[in-house]
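Please keep the sequence and the structure in view while reading.

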Amino acid sequence: MERKEYERLCESLRGPDDIERLSEEGYNKGLLVELYGLKTNRHIQEHKEEIKSKAPDMHRACESGRSIVDIARDYSIFPTYAARLIFEVAGVSEKEFKRYKKDPDSHGDPRVAE
């Protein structure tokens, strides 16, 4: 893959829905998932403090009924990272969070299992 094509793909991957669209153009879906994951990781690392400062806003959005997946999309982060920040604001320990991640039904809130 040439550098220009790689840069175009990275620019085109703005959200998870773009993976399907680009795979229909003939790109390997696994490659697109990997590129999107790398791009999202880079975004989180570059804006970590800014994202963490928005955790109370994420928590309020979740409390008002928005799903963690939708909140994560708003901030261009992984749903598991958004959930960790939301649960942290709610006072949930890391140990409890790991248990919820393994078994979402143990939390009792259907938004967690989405």
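Helices here are DSSP runs of H or I with at least four residues, strands are runs of E with at least two, and both are numbered from the N terminus.

## Basis of the model

The model is predicted, and local features need pLDDT of at least 70, side-chain atom pairs count only at pLDDT 80 or more, while totals for chains, interfaces and linings use all residues. Residues are numbered from 1 along each chain as its sequence is written, and side-chain values use heavy atoms, with hydrogens and water left out.

## The chain as a whole

The protein chain has 9 helices and 0 strands, and its C-alpha trace spans about 45 × 30 × 25 Å along the principal axes. Of its 114 residues, 34% count as buried, where buried means under 20% relative accessible area, exposed over 50% and partly exposed in between, with a 1.4 Å probe and protein chains only.

Contact means heavy atoms within 4.5 Å; among contacts between residues at least 6 apart in sequence, 42% join residues at least 24 apart.

## Helices α5 and α7

Two packed helices are described by the angle between their axes and the distance between the axes. Helix α5 covers residues 55-63 and helix α7 residues 79-89, and their axes come within 8 Å and cross at roughly 90°; the axes are lines fitted to C-alpha atoms over the stretch in contact, with angles running from 0 to 180 degrees between N-to-C directions. The two helices, α5 and α7, are therefore roughly perpendicular to each other, a term for angles of 65 to 115 degrees, whereas those under 35 count as roughly parallel, those over 145 as roughly antiparallel and the rest as oblique.

On the α5 side, Ala55, Pro56, Met58, His59 and Cys62 meet Ala82, Leu85, Ile86 and Val89 of α7. Buried residues of α7 include Ala82, Leu85 and Ile86, together with Tyr81, Ala83, Arg84 and Phe87. After α7 comes Gly91, which has a positive phi near 85°.

Is Glu63 buried or exposed? Glu63 lies in helix α5 and counts as exposed because its relative accessibility is 56%.

Arg84 belongs to helix α7 and counts as buried because its relative accessibility is 16%. Leaving aside residues up to four places away in sequence, Arg84 touches Val92, Ser93, Glu94 and Phe97.
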